[in-house]
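Please look over the model below with these notes beside it. They take up a few features in turn.

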Amino acid sequence: MEITNLTAQSMAKKIQAKEISPVEVVQSHLNRIKRLNPKLNLFITVFEEQAIEEAKAAEKELMNIGTRGPLHGVPIALKDLTSVAGRRTTFGSPLFKDHIPQSEPTIVKRIRNAGAIIIGKTNTPEFGHKGTTDNLLVGPTKNPWDPSRTAGGSSGGSAAAVASKCVPLAEGSDGGGSIRIPSSLNGIIGHKPTFGRVPFDSSPFNRFGTTQPFVHYGPMARSTGDAALLLSVMEGYQPTDPYSVPVPEENLLEEMKLGVKGKRFAFTENFGLYPFEQEILGPLEEAISLLRDHGAIVENIPFQLGMKLEELISFFNKMWYAGLATAYGSLYDRFPSQFSLSVSRMIESGRQLSAIELRETEMKRTIIWNTLQQELDRYDAILSPVVGVTAFSHQIEGPDTINGKAAAPISDWMMTQLYNCTGHPAISIPVGKARSGLPVGLQAATGKFNDTLLFRIAYTLEQEKGFESPMI
């Protein structure tokens with residue numbers, strides 16, 4: 001079997017058994033990146049020389065000492081919002097095109113300590129500010145299922161790199177759906193953990209205060225087991241993150257196999273808010289039928305959030321714009337020409353907000369929390385689409401009409417923001433393709449610290465259907 005077809009777990013086992021070498025593994029992925037990156041624009045920076053040197057060191061370590069950790073010799077890609085000490089990290093911004101950070105967040109240290117080899121930094125929109133991936137540095141990331149389409153964002157490079165088998169694993173970050181959106185559009189697993197389960201430090205958004213959306217690091221992979229393995233490496237209490245929490249004692253890789261029998265799930269097509277294309281429903285309904293076949297009780301519910309979509313997007317944007325203005329406002333004052341028009345407008349909008357307006361967003365978030373919690377008191381998880389559309393042209397930020405209804409291109413097609421308002425864990429699970437041949441993702445969310453149930457749902461569906469990859 002081609003090495004790049006293997007799961008991360010299989011690679012790790014074969015490396016440990018000395019059936020394949022870390023050098024072979026890394027080189028095979030670098031070769032694939034060389035072939036596909038010019039076509040798909042997955043990476044901002046590829047660490048070819050460093051990755052080969054690290055692979056040689058990993059091979060020597062394996063022969064003389066043994067494996068360093070569960071990802072020994074396995075290549076991984078990191079989103080270019082995540083700093084790596086001594087390696088180019090641009091944040092998708094021309095202002096940082098030559099930036100070499102001297103520090104890195106806890107998750108990067110943990111990934112290194114697990115033996116993984118960081119093969120490159122994936123494409124992201126400037127400062128991760130939107131749900132599609134393009135920037136003034138390298139342009140748009142394209143979807144491997146159809147390169148005329150978007151890979152989504154803001155972890156679009158990570159999602160497309162995993163889907164195209166340029167890496168078995170990638171890290172993403174999610175402040176409004178940025179892991180789940182591209183995972184859905186590219187047909188992979190993408191998990192936004194319970195807020196605090198994975199430490200989020202060394203970031204401009206790592207600040208006290210709750211007016212910003214909950215931002216999370218999380219795993220992206222082609223299999224449920226691989227995503228669970230990467231989560232197990234990244235998670236755990238870290239005092240440098242003021243919101244970090246201890247992880248429940250569990251063996252996620254085993255407990256994800258426990259199935260869904262007897263679990264009660266609620267399904268909503270759109271939370272009573274979002275427009276959606278009818279073609280996404282077929283794969284979702286098939287997935288729900290499979291969950292029922294495995295003993296789950298799934299009920300369609302009329303979801304009543306207590307606010308209109310425009311109201312939700314308006315207050316969510318206020319939090320997001322205030323966060324950007326706080327994190328990057330001083331740089332914007334010094335180098336305004338280095339910022340894109342869209343980010344400039346967001347920063348300027350954030351600066352216009354009053355303290356009262358920001359406190360009002362807390363009241364709106366309380367409404368969302370209470371509504372979600374009311375359903376989670378009755379059901380074990382809430383199921384829904386991740387997005388209301390399949391992948392659209394990479395030349396636009398989103399459709400302006402959905403199913404014949406007017407839509408705001410930058411926001412109305414993504415059904416993800418609710419869980420960034422509350423910190424609940426949520427996952428995107430590939431459930432097949434629409435009539436267009438493009439992937440559809442099922443979003444599942446549950447109560448805090450019950451991430452294991454999301455992996456049980458994903459594993460159940462994977463055992464029934466498998467997860468497809470594009471022929472590219």
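Which helices each supply at least two residues of the lining of the second largest pocket?

1. They are helix H1 (8-16), helix H7 (224-234) and helix H8 (252-255), where helices (H or I, at least four residues) and strands (E, at least two) are DSSP runs numbered from the N terminus. H1 gives the most, with 5 residues. A pocket here is an open set of points on a 1 Å grid over the protein atoms alone, where a 1.4 Å probe fits, with protein on both sides within 12 Å along at least five of seven lines, and lining residues have an atom within 4 Å of a point.

2. This is a predicted model, in which local features need pLDDT of at least 70 and side-chain atom pairs count only at pLDDT 80 or more, while totals for chains, interfaces and linings use all residues. Residues are numbered from 1 along each chain as its sequence is written, and side-chain values use heavy atoms, with hydrogens and water left out.

3. Of the 19 residues that line the second largest pocket, Gln9, Ala12, Lys13, Leu229 and Leu253 lie nearest its centre.

4. An open sheet of mixed pairing is formed by 11 strands, in the order E1-E3-E2-E6-E8-E7-E14-E15-E11-E9-E10, two strands being paired if DSSP finds at least two bridges between them. Strand E1 (43-46) and strand E10 (297-300) stand at the edges with a single partner strand each, so one side of each is left without a neighbour in the sheet.

5. Within this sheet, strand E14 (residues 426-433) and strand E15 (residues 439-446) run antiparallel and are joined by 6 bridges; Ser428 stands opposite Gln443 in E15.
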